[in-house]
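Hello,

Here is the structure we talked about. Please open it next to this email and follow along.

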Amino acid sequence: MIRSLLIAGAVLAPFATPAGAETLREALRKAYDGNPQITGGRAAQRAIDENVPIARSNGLPSVSSNGQFTENVVQASNSFVAPQRALLANTQLSVPVFQGGGVRNSVRAAETRVASGRAQLRSTEADVFTSVVGAYMDVIRDDAIVGLNEQNVRVLEVNLRASRDRFQVGDLTRTDVAQSEARFALARAQLQSAQARLISSRESYVNLVGSPPADLQDPPPLPNLPATPELAVGAAIQGNPALQAAAGERDASRFDIGVARAQRLPQVNVVIGGNYFNYLNTLGSGSGVSVPQTGTAAQAGLGLTLPIFQGGRPAAQVRQAQARRAQAIENVTLTERAVVAQARSAFAIYRSSREVIASSEVAVEANKLALEGVRAENSVGTRNVLDVLNAEQELLNSQVTLVTARRDAYVAGFALLAATGNAEARDLGLGGGALYDPTLNYRRVRGRISDFGSDGEPAAVATSTVGTPAQGPEVTRPFDPALNGGVDRNPGLTTGGAAPDRR
């Protein structure tokens with residue numbers, strides 16, 4: 001699997017990776033630790049975890065207490081035993097005995113959504129990783145394209161100067177110079193467009209990874225991918241985390257219906273309470289009669305709530321829950337369709353890109369041979385400058401097609417892994433620290449019953465990119481020797497370089 005391949009790349013990295021270079025594995029780890037989409041998803045999952053203790057709390061005993069102090073500022077003239085002031089306090093313990101199944105279904109729904117949320121978090125990781133791979137390969141592709149275009153511009157600039165010089169001494173016509181000028185201008189325009197795309201790709205990389213790209217190395221090979229679209233779809237249906245998340249939400253919605261139905265069923269509570277009163281020696285103070293000033297009382301019993309008529313609210317809640325379950329069921333089908341389309345399209349793009357790579361490799365080699373032949377023929381006068389320019393442009397185009405196809409094949413292959421559920425952090429063997437385990441927080445909070453406690457004030461986890469420098473179009477890749485050298489090698493018709501004005 002991809003895990004072993006990426007781990008192997010990590011082991012070899014200290015020996016094979018140049019200083020300051022960055023590998024795909026390192027880029028994925030940076031995104032895993034600092035991408036806000038992933039860190040935000042983890043926070044959202046922790047919030048989902050809290051729904052379980054919230055649901056359980058509805059079935060646990062509750063204790064409440066309240067107190068009251070009263071000062072009778074004005075009393076009736078015929079009241080001889082009314083106190084001038086009073087202090088009252090009471091405490092009540094309520095223990096739910098029967099809630100119509102609402103608590104049980106609420107807890108089950110919350111637990112099911114916890115599992116669904118974990119699957120959604122895995123899907124978020126896979127989506128981010130797919131985007132990182134795309135951005136990584138975009139930078140490599142555009143870096144190569146800019147390098148090819150820079151080399152083409154330099155060659156054409158040299159050729160243009162030579163054409164103008166030879167025009168001055170009569171070796172070339174004005175048409176030859178115009179052709180060289182046109183190709184040079186077109187090459188500069190292509191270079192500027194390629195540089196803009198490179199800057200955009202590098203900024204997208206910064207956005208996803210959190211740091212600028214630094215000498216990106218070629219990625220490791222992908223593992224064996226499904227051989228047919230049918231196998232790809234079958235693997236995706238079994239392992240895609242987004243589909244698992246949608247199925248979990250569908251299952252949770254069934255318990256929501258039970259929660260809604262519980263609203264029209266009887267509820268029974270055991271109630272135990274105690275009261276305390278103190279009149280602060282003001283009860284009967286004007287009557288001359290000694291009256292107890294303090295006292296306590298206690299009660300115990302059963303509380304029964306029997307809904308008879310609630311204005312149609314419970315029935316509306318049931319219908320609402322059923323409609324939402326229908327929506328969740330349809331959402332499973334919607335997600336399934338998207339997963340099937342993703343798997344099939346990724347497979348098609350991958351297979352097509354592999355064929356384009358094979359064809360482009362042949363075309364590049366053929367165009368190199370053709371360029372050498374045209375240059376040789378130009379040197380003996382059987383080919384003109386335009387023929388050489390066309391041959392160089394054909395080679396450039398085939399090289400651009402090749403690097404683009406390589407990018408498309410790798411990104412599509414990784415997208416296919418993501419569709420089948422094999423492009424998550426647990427599959428990639430990312431080093432640099434332990435992986436995030438969402439079950440730890442769930443086990444931490446599930447059984448808590450204390451009303452006092454928090455996790456403190458949240459702080460930003462994701463990496464800010466405000467301080468990163470603006471990306472430029474500079475490239476450092478070596479030039480292709482096939483494109484080096486002058487374009488026009490036709491021997492001079494007159495004195496050429498030996499002309500008096502060239503001495």
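**Helix H2 and its cover**

Helix H3 (36–49), helix H5 (102–168), helix H6 (174–209), helix H10 (385–419) and helix H11 (425–428) are among the elements that cover the buried residues of H2. Keep in mind that this is a predicted model. H2 itself spans residues 24–34. Its buried residues are Leu-24, Ala-27, Leu-28, Arg-29, Ala-31, Tyr-32 and Gly-34.

E2 covers residues 85–98 and pairs with E1. The two run antiparallel, with ten bridges between them. Ser-64 has Gln-92 in E2 as its bridge partner.

E2 also pairs with strand E3, residues 267–278. That pairing is antiparallel too, with eleven bridges. Here Pro-96 sits opposite Asn-269 of E3.

Now look at Leu-93, which belongs to E2. Leu-93 and Val-271 are 178 residues apart along the chain, yet their C-alpha atoms are separated by 5.7 Å.

**Aromatic pairs**

How many aromatic pairs does a search of the whole structure find? It finds three. One of them joins Phe-277 and Tyr-279 and is tilted, with 5.3 Å centre to centre and 45 degrees between the planes. Phe-277 counts as partly exposed because its relative accessibility is 28%.

**The second largest pocket**

This pocket holds about 510 Å³ of space. Its lining has 19 residues. Arg-448, Ile-449, Ser-450, Asp-451 and Phe-452 lie nearest the centre of the pocket.

Which elements each supply at least two residues of the lining? They are helix H4 (51–57), strand E1 (62–71) and helix H12 (438–445). H4 gives the most, with four residues. By class, the lining has eight nonpolar, five polar and six charged residues.

Best wishes

Technical notes: Residues are numbered from 1 along each chain as its sequence is written. This is a predicted model: local features need pLDDT of at least 70, side-chain atom pairs count only at pLDDT 80 or more; totals for chains, interfaces and linings use all residues. Side-chain values use heavy atoms; hydrogens and water are left out. On a 1 Å grid over the protein atoms alone, a cavity is a set of points where a 1.4 Å probe fits but cannot get out, and a pocket is an open set with protein on both sides within 12 Å along at least five of seven lines; lining residues have an atom within 4 Å of a point. Grid points are joined across faces, edges and corners, and a volume is the space filled by probe spheres set on the points. Ala, Val, Leu, Ile, Met, Phe, Trp, Tyr, Cys and Pro count as nonpolar, Asp, Glu, Lys and Arg as charged, and the others, Gly among them, as polar. Two strands pair if DSSP finds at least two bridges between them. Buried means under 20% relative accessible area, exposed over 50%, partly exposed in between (1.4 Å probe, protein chains only). Contact means heavy atoms within 4.5 Å. Rings of Phe, Tyr and Trp (its six-membered ring) pair if their centres lie within 6.5 Å; planes under 30 degrees apart count as stacked, over 60 as edge-to-face and the rest as tilted.
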